[in-house]
Amino acid sequence: MRTLLFAGLLLSALPSVAHEGASGIVKERMDRFKETKEQMKELRGLLKAGDTAAAGALASQIAEWARVLPEHFPEDSNPAPSEALDDIWLDWDGFMKVANDFQTAAEAMAAQPSMANFKPLGGSCKACHDSYRE
Ligand code: HEC
(Lines give C-alpha, C1' and ligand atoms only; values in the text may rest on other atoms or scores of the structure.)
Protein backbone atom coordinates (compact mmCIF):
# COMPACT_ATOMS: atom_id res chain seq x y z
CA MET A 1 0.00 0.00 0.00
CA ARG A 2 2.72 2.38 1.02
CA THR A 3 4.73 1.46 -2.10
CA LEU A 4 1.72 2.15 -4.29
CA LEU A 5 1.20 5.53 -2.71
CA PHE A 6 4.84 6.39 -3.24
CA ALA A 7 4.67 5.33 -6.90
CA GLY A 8 1.61 7.53 -7.32
CA LEU A 9 3.43 10.51 -5.85
CA LEU A 10 6.37 9.96 -8.15
CA LEU A 11 4.11 9.79 -11.19
CA SER A 12 2.26 12.95 -10.26
CA ALA A 13 5.59 14.73 -9.86
CA LEU A 14 6.74 13.83 -13.37
CA PRO A 15 4.98 16.53 -15.44
CA SER A 16 6.52 19.36 -13.43
CA VAL A 17 9.94 17.75 -13.70
CA ALA A 18 9.47 17.70 -17.48
CA HIS A 19 9.00 21.47 -17.40
CA GLU A 20 12.34 22.17 -15.82
CA GLY A 21 14.50 24.11 -18.20
CA ALA A 22 11.68 25.29 -20.43
CA SER A 23 11.76 29.02 -20.99
CA GLY A 24 10.36 31.81 -23.12
CA ILE A 25 7.74 30.93 -25.68
CA VAL A 26 8.07 27.19 -24.98
CA LYS A 27 7.28 27.64 -21.30
CA GLU A 28 4.48 30.03 -22.19
CA ARG A 29 2.74 27.55 -24.47
CA MET A 30 3.28 24.65 -22.04
CA ASP A 31 1.62 26.69 -19.30
CA ARG A 32 -1.17 27.62 -21.69
CA PHE A 33 -1.76 23.98 -22.65
CA LYS A 34 -1.82 22.93 -18.98
CA GLU A 35 -4.41 25.61 -18.36
CA THR A 36 -6.40 24.37 -21.37
CA LYS A 37 -6.48 20.89 -19.90
CA GLU A 38 -7.95 22.31 -16.66
CA GLN A 39 -10.42 24.39 -18.66
CA MET A 40 -11.60 21.30 -20.50
CA LYS A 41 -12.29 19.55 -17.18
CA GLU A 42 -14.13 22.60 -15.91
CA LEU A 43 -16.07 22.85 -19.17
CA ARG A 44 -17.25 19.27 -18.88
CA GLY A 45 -18.45 19.96 -15.32
CA LEU A 46 -20.31 23.08 -16.39
CA LEU A 47 -22.00 21.25 -19.26
CA LYS A 48 -23.06 18.44 -16.95
CA ALA A 49 -24.43 21.00 -14.50
CA GLY A 50 -26.33 22.68 -17.34
CA ASP A 51 -24.57 26.03 -16.86
CA THR A 52 -24.45 26.90 -20.55
CA ALA A 53 -23.67 30.58 -19.95
CA ALA A 54 -20.47 29.82 -18.04
CA ALA A 55 -19.61 26.98 -20.44
CA GLY A 56 -19.95 29.31 -23.42
CA ALA A 57 -17.73 31.94 -21.80
CA LEU A 58 -15.08 29.33 -21.03
CA ALA A 59 -15.25 27.95 -24.56
CA SER A 60 -14.67 31.48 -25.89
CA GLN A 61 -11.45 31.64 -23.88
CA ILE A 62 -10.35 28.31 -25.35
CA ALA A 63 -11.21 29.57 -28.84
CA GLU A 64 -9.11 32.68 -28.22
CA TRP A 65 -6.12 30.48 -27.32
CA ALA A 66 -6.74 28.39 -30.43
CA ARG A 67 -6.61 31.56 -32.53
CA VAL A 68 -3.16 32.57 -31.28
CA LEU A 69 -1.79 29.02 -30.87
CA PRO A 70 0.24 28.98 -34.14
CA GLU A 71 2.08 32.18 -33.09
CA HIS A 72 3.39 30.21 -30.12
CA PHE A 73 5.32 27.91 -32.44
CA PRO A 74 8.08 30.01 -34.04
CA GLU A 75 10.29 27.96 -36.33
CA ASP A 76 12.36 25.23 -34.66
CA SER A 77 11.28 26.25 -31.16
CA ASN A 78 11.54 22.76 -29.70
CA PRO A 79 14.69 22.51 -27.62
CA ALA A 80 14.48 19.98 -24.75
CA PRO A 81 12.30 19.61 -22.73
CA SER A 82 9.78 20.60 -25.42
CA GLU A 83 7.66 17.74 -26.73
CA ALA A 84 6.89 19.53 -29.98
CA LEU A 85 7.94 17.50 -33.03
CA ASP A 86 9.95 18.83 -35.98
CA ASP A 87 6.97 17.78 -38.14
CA ILE A 88 5.26 21.01 -37.06
CA TRP A 89 7.66 23.02 -39.25
CA LEU A 90 8.23 20.33 -41.85
CA ASP A 91 4.47 20.21 -42.39
CA TRP A 92 3.30 23.68 -41.36
CA ASP A 93 0.15 23.48 -43.55
CA GLY A 94 -0.89 20.27 -41.81
CA PHE A 95 -0.22 21.83 -38.41
CA MET A 96 -2.27 24.92 -39.36
CA LYS A 97 -5.12 22.67 -40.44
CA VAL A 98 -5.37 20.86 -37.08
CA ALA A 99 -4.97 24.20 -35.28
CA ASN A 100 -7.86 25.59 -37.35
CA ASP A 101 -9.97 22.51 -36.62
CA PHE A 102 -9.35 23.14 -32.92
CA GLN A 103 -10.43 26.76 -33.30
CA THR A 104 -13.56 25.78 -35.23
CA ALA A 105 -14.52 23.19 -32.60
CA ALA A 106 -13.97 25.69 -29.76
CA GLU A 107 -16.03 28.34 -31.57
CA ALA A 108 -18.84 25.82 -32.14
CA MET A 109 -18.80 25.12 -28.40
CA ALA A 110 -18.86 28.83 -27.59
CA ALA A 111 -21.82 29.36 -29.91
CA GLN A 112 -23.70 26.31 -28.65
CA PRO A 113 -22.37 24.82 -25.41
CA SER A 114 -23.41 21.15 -25.38
CA MET A 115 -22.06 17.69 -24.68
CA ALA A 116 -22.54 16.93 -28.38
CA ASN A 117 -19.93 19.59 -29.12
CA PHE A 118 -17.53 18.35 -26.45
CA LYS A 119 -16.38 15.21 -28.22
CA PRO A 120 -15.18 16.95 -31.42
CA LEU A 121 -13.39 19.56 -29.30
CA GLY A 122 -11.53 16.89 -27.33
CA GLY A 123 -10.88 15.07 -30.59
CA SER A 124 -9.23 18.17 -32.04
CA CYS A 125 -6.68 18.14 -29.19
CA LYS A 126 -5.90 14.51 -29.84
CA ALA A 127 -5.65 14.95 -33.61
CA CYS A 128 -2.86 17.46 -33.18
CA HIS A 129 -1.06 15.58 -30.42
CA ASP A 130 -1.10 12.36 -32.44
CA SER A 131 0.85 13.98 -35.27
CA TYR A 132 2.81 16.83 -33.76
CA ARG A 133 3.63 16.01 -30.16
CA GLU A 134 6.04 13.38 -28.81
C1 HEC B 1 -2.47 22.37 -33.22
C2 HEC B 1 -1.88 21.45 -32.30
C3 HEC B 1 -2.42 21.26 -30.90
C4 HEC B 1 -3.71 21.35 -30.46
C5 HEC B 1 -4.96 21.62 -31.26
C6 HEC B 1 -3.68 21.05 -29.04
N7 HEC B 1 -2.41 20.82 -28.64
FE8 HEC B 1 -1.79 20.35 -26.76
N9 HEC B 1 0.14 20.38 -27.38
C10 HEC B 1 0.58 20.53 -28.68
C11 HEC B 1 2.01 20.47 -28.72
C12 HEC B 1 2.87 20.59 -29.98
C13 HEC B 1 2.45 20.27 -27.42
C14 HEC B 1 3.90 20.19 -26.92
C15 HEC B 1 4.40 21.60 -26.63
C16 HEC B 1 5.85 21.63 -26.20
O17 HEC B 1 6.23 20.77 -25.35
O18 HEC B 1 6.63 22.47 -26.69
C19 HEC B 1 1.24 20.21 -26.59
C20 HEC B 1 1.24 20.01 -25.21
C21 HEC B 1 0.10 19.86 -24.44
C22 HEC B 1 0.10 19.56 -23.03
C23 HEC B 1 1.34 19.35 -22.17
C24 HEC B 1 1.80 20.69 -21.64
C25 HEC B 1 2.95 20.48 -20.71
O26 HEC B 1 4.10 20.49 -21.19
O27 HEC B 1 2.71 20.28 -19.52
C28 HEC B 1 -1.21 19.48 -22.63
C29 HEC B 1 -1.73 19.19 -21.23
C30 HEC B 1 -2.03 19.75 -23.79
N31 HEC B 1 -1.19 19.98 -24.87
C32 HEC B 1 -3.40 19.80 -23.77
C33 HEC B 1 -4.18 20.12 -24.88
C34 HEC B 1 -5.63 20.18 -24.86
C35 HEC B 1 -6.49 19.87 -23.65
C36 HEC B 1 -6.01 20.55 -26.10
C37 HEC B 1 -7.39 20.77 -26.63
C38 HEC B 1 -8.38 21.45 -25.83
C39 HEC B 1 -4.81 20.70 -26.90
N40 HEC B 1 -3.73 20.44 -26.13
C41 HEC B 1 -4.80 21.04 -28.24
C42 HEC B 1 -0.22 20.73 -29.77
C43 HEC B 1 -1.60 20.92 -29.74
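The buried residues of helix α5 are covered by elements that include α2, α3 (52-68), α4 (87-90) and α6. Here a helix is a DSSP run of H or I with at least four residues, a strand is a run of E with at least two, and both are numbered from the N terminus. The model is predicted, so local features need pLDDT of at least 70 and side-chain atom pairs count only at pLDDT 80 or more, whereas totals for chains, interfaces and linings use all residues. Residues are numbered from 1 along each chain as its sequence is written, and side-chain values use heavy atoms, with hydrogens and water left out.

Helix α5 itself runs over residues 92-111 and has 20 residues. From its first C-alpha to its last α5 reaches 28 Å, close to the 28 Å expected at 1.5 Å a residue; the expected span is 1.5 Å times one less than the number of residues. Gly94, Phe95, Val98, Ala99, Phe102, Gln103, Ala105, Ala106 and Met109 are the buried residues of α5. Buried means under 20% relative accessible area, exposed means over 50%, and partly exposed lies in between, with a 1.4 Å probe and protein chains only.

Contact means heavy atoms within 4.5 Å. Alanine 66 is placed in helix α3 and is buried, at a relative accessible area of 2%.

The chain as a whole has six helices and zero strands, in the pattern α-α-α-α-α-α along the sequence. Of its 134 residues, 34% count as buried. Among contacts between residues at least 6 apart in sequence, 66% join residues at least 24 apart.

Helix α2 (residues 24-49) packs with helix α6 (residues 118-132) at an angle of about 170°, and their axes are 12 Å apart. The axes are lines fitted to C-alpha atoms, for helices over the stretch in contact, and angles run from 0 to 180 degrees between N-to-C directions. The two helices are therefore roughly antiparallel to each other, a term for angles over 145 degrees; under 35 counts as roughly parallel, 65 to 115 as roughly perpendicular and the rest as oblique. On the α2 side the contact involves Met40, Leu43, Arg44 and Leu47, which meet Phe118, Leu121, Gly122 and Cys125 in α6.

Methionine 40 in helix α2 is buried, with a relative accessible area of 11%. Apart from neighbours within four places in sequence, methionine 40 is in contact with Ile62, Phe118, Leu121, Gly122 and Cys125. Methionine 40 and alanine 55 are 15 residues apart in sequence, and their C-alpha atoms are 9.8 Å apart in space.

Helix α6 also holds histidine 129. The NE2 atom of His129 is the only protein donor of the iron atom of the ligand, at 2.0 Å. Donors are N, O and S atoms within 2.8 Å of the metal (3.2 Å for Na, K and Ca), and water is not among the atoms, so sites may look incomplete.

The loop between α3 and α4 contains aspartate 76 and proline 81. Aspartate 76 has a positive phi of about 60° although it is not a glycine, and counts as exposed at 53% relative accessibility. The peptide bond from alanine 80 to proline 81 is cis, with omega near 5°.
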